[in-house]
Amino acid sequence: MKRDMDFVRGILLEVETLNKPKMAEFLDADSTESDLKKLGYHLAMLVEEVGYLKGMPVPLLGGKIWHDLELTWQGHDFLDSVRDDNVWELTKKSAESAGGFTVEILAALAKGFVKQKIEKHTGIPIEI
(Lines give C-alpha, C1' and ligand atoms only; values in the text may rest on other atoms or scores of the structure.)
Protein backbone atom coordinates (compact mmCIF):
# COMPACT_ATOMS: atom_id res chain seq x y z
CA MET A 1 0.00 0.00 0.00
CA LYS A 2 1.21 3.49 -0.79
CA ARG A 3 1.58 6.06 1.97
CA ASP A 4 -0.86 8.96 1.50
CA MET A 5 0.32 12.09 3.30
CA ASP A 6 -2.93 13.99 2.63
CA PHE A 7 -4.73 11.13 4.38
CA VAL A 8 -2.20 11.24 7.24
CA ARG A 9 -2.74 14.98 7.68
CA GLY A 10 -6.51 14.43 7.69
CA ILE A 11 -6.23 11.75 10.36
CA LEU A 12 -4.11 14.01 12.58
CA LEU A 13 -6.55 16.91 12.18
CA GLU A 14 -9.47 14.64 13.12
CA VAL A 15 -7.71 13.14 16.14
CA GLU A 16 -6.98 16.66 17.38
CA THR A 17 -10.66 17.58 17.06
CA LEU A 18 -12.15 14.45 18.60
CA ASN A 19 -11.81 13.19 22.17
CA LYS A 20 -9.78 9.95 22.09
CA PRO A 21 -11.52 8.60 18.99
CA LYS A 22 -11.78 4.97 18.03
CA MET A 23 -10.79 3.81 14.58
CA ALA A 24 -14.45 3.25 13.73
CA GLU A 25 -15.14 6.99 14.06
CA PHE A 26 -13.12 7.57 10.88
CA LEU A 27 -15.34 5.28 8.83
CA ASP A 28 -18.88 5.76 7.60
CA ALA A 29 -21.62 3.49 6.30
CA ASP A 30 -20.18 3.63 2.77
CA SER A 31 -16.68 2.58 3.84
CA THR A 32 -15.29 -0.48 2.10
CA GLU A 33 -12.84 -3.12 3.24
CA SER A 34 -10.22 -1.23 1.23
CA ASP A 35 -10.98 1.95 3.24
CA LEU A 36 -10.59 -0.02 6.48
CA LYS A 37 -7.24 -1.46 5.37
CA LYS A 38 -5.97 1.97 4.30
CA LEU A 39 -6.98 3.50 7.63
CA GLY A 40 -5.46 0.65 9.63
CA TYR A 41 -2.22 0.82 7.65
CA HIS A 42 -1.84 4.57 8.20
CA LEU A 43 -2.83 4.44 11.87
CA ALA A 44 -0.28 1.69 12.51
CA MET A 45 2.44 3.82 10.91
CA LEU A 46 1.38 6.91 12.88
CA VAL A 47 1.41 5.01 16.19
CA GLU A 48 4.14 2.40 15.75
CA GLU A 49 6.56 3.95 13.26
CA VAL A 50 6.68 7.76 13.59
CA GLY A 51 5.04 8.13 16.99
CA TYR A 52 2.71 10.97 15.98
CA LEU A 53 -0.20 9.20 17.66
CA LYS A 54 -0.64 6.96 20.64
CA GLY A 55 -3.53 4.60 21.08
CA MET A 56 -4.66 1.28 22.41
CA PRO A 57 -4.39 -1.55 19.87
CA VAL A 58 -7.00 -4.26 19.90
CA PRO A 59 -5.87 -7.38 18.01
CA LEU A 60 -8.25 -8.55 15.36
CA LEU A 61 -7.98 -11.30 12.76
CA GLY A 62 -5.76 -9.87 10.06
CA GLY A 63 -4.71 -6.74 11.92
CA LYS A 64 -5.55 -4.35 14.72
CA ILE A 65 -8.16 -1.78 15.46
CA TRP A 66 -7.21 1.30 17.45
CA HIS A 67 -8.98 2.93 20.39
CA ASP A 68 -8.30 6.05 22.45
CA LEU A 69 -6.21 7.77 19.78
CA GLU A 70 -4.30 10.88 20.90
CA LEU A 71 -1.64 13.11 19.40
CA THR A 72 1.83 12.87 20.90
CA TRP A 73 4.09 15.91 21.34
CA GLN A 74 5.74 15.07 17.99
CA GLY A 75 2.31 14.68 16.41
CA HIS A 76 1.26 18.11 17.63
CA ASP A 77 4.49 19.63 16.28
CA PHE A 78 4.06 18.01 12.87
CA LEU A 79 0.39 18.99 12.69
CA ASP A 80 1.14 22.57 13.70
CA SER A 81 3.68 22.79 10.88
CA VAL A 82 1.25 21.48 8.21
CA ARG A 83 -2.04 22.89 9.54
CA ASP A 84 -2.17 25.90 7.21
CA ASP A 85 -3.50 24.79 3.79
CA ASN A 86 -1.11 27.06 1.87
CA VAL A 87 1.92 25.82 3.80
CA TRP A 88 0.77 22.23 3.25
CA GLU A 89 0.43 22.73 -0.52
CA LEU A 90 3.86 24.40 -0.75
CA THR A 91 5.39 21.62 1.31
CA LYS A 92 3.91 18.87 -0.86
CA LYS A 93 4.88 20.57 -4.13
CA SER A 94 8.45 21.11 -2.91
CA ALA A 95 8.80 17.50 -1.77
CA GLU A 96 7.26 16.11 -4.95
CA SER A 97 9.54 18.24 -7.14
CA ALA A 98 12.51 16.54 -5.47
CA GLY A 99 11.14 13.18 -6.55
CA GLY A 100 10.68 11.78 -3.05
CA PHE A 101 10.82 12.52 0.63
CA THR A 102 10.83 11.12 4.12
CA VAL A 103 8.42 12.25 6.80
CA GLU A 104 11.34 14.01 8.51
CA ILE A 105 12.12 15.97 5.33
CA LEU A 106 8.44 16.80 4.88
CA ALA A 107 8.27 18.09 8.47
CA ALA A 108 11.46 20.13 7.99
CA LEU A 109 10.12 21.69 4.78
CA ALA A 110 6.83 22.61 6.47
CA LYS A 111 8.68 24.12 9.45
CA GLY A 112 10.79 26.14 7.03
CA PHE A 113 7.69 27.56 5.32
CA VAL A 114 6.08 28.34 8.69
CA LYS A 115 9.32 30.02 9.80
CA GLN A 116 9.33 32.20 6.66
CA LYS A 117 5.70 33.14 7.24
CA ILE A 118 6.35 34.15 10.87
CA GLU A 119 9.45 36.14 9.92
CA LYS A 120 7.50 37.94 7.19
CA HIS A 121 4.72 38.91 9.61
CA THR A 122 6.92 39.83 12.56
CA GLY A 123 10.21 40.88 11.00
CA ILE A 124 11.96 38.74 13.63
CA PRO A 125 14.43 36.15 12.33
CA ILE A 126 13.91 32.70 13.81
CA GLU A 127 16.64 30.09 14.22
CA ILE A 128 15.56 26.45 14.14
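User: Which elements each supply at least two residues of the lining of the largest pocket?

Analyst: Helix H2 (33-49) and strand S2 (63-71) do. H2 gives the most, with seven residues. Helices (H or I, at least four residues) and strands (E, at least two) are DSSP runs, numbered from the N terminus. Keep in mind that this is a predicted model, where local features need pLDDT of at least 70, side-chain atom pairs count only at pLDDT 80 or more, and totals for chains, interfaces and linings use all residues. Residues are numbered from 1 along each chain as its sequence is written, and side-chain values use heavy atoms, with hydrogens and water left out.

User: How much space lies in the largest pocket, and which residues are the closest to its centre?

Analyst: About 240 Å³. Of the 15 lining residues, Leu36, Gly40, Gly62, Gly63 and Lys64 are the closest to the centre. The lining divides into eight nonpolar, three polar and four charged residues.

User: Why is H4 called oblique to H5?

Analyst: The axes of H4 (residues 85-97) and H5 (residues 103-122) cross at roughly 135° and come within 9 Å. Under 35 degrees counts as roughly parallel, over 145 as roughly antiparallel, 65 to 115 as roughly perpendicular and the rest as oblique, so H4 is oblique to H5.

User: Which residues make the contact of H4 with H5?

Analyst: Contact means heavy atoms within 4.5 Å. On H4 the residues include Val87, Trp88 and Leu90, and on H5 they include Leu106, Leu109 and Phe113. The contact residues divide into nine nonpolar, two polar and one charged.

Technical notes:
Axes fitted to C-alpha atoms, helices over the stretch in contact; angles between N-to-C directions. Nonpolar A, V, L, I, M, F, W, Y, C, P; charged D, E, K, R; others polar. 1 Å grid on protein atoms, 1.4 Å probe; cavity = no way out; pocket = protein on both sides within 12 Å on 5 of 7 lines; lining within 4 Å. Points joined across faces, edges and corners; volume = space filled by probe spheres on them.
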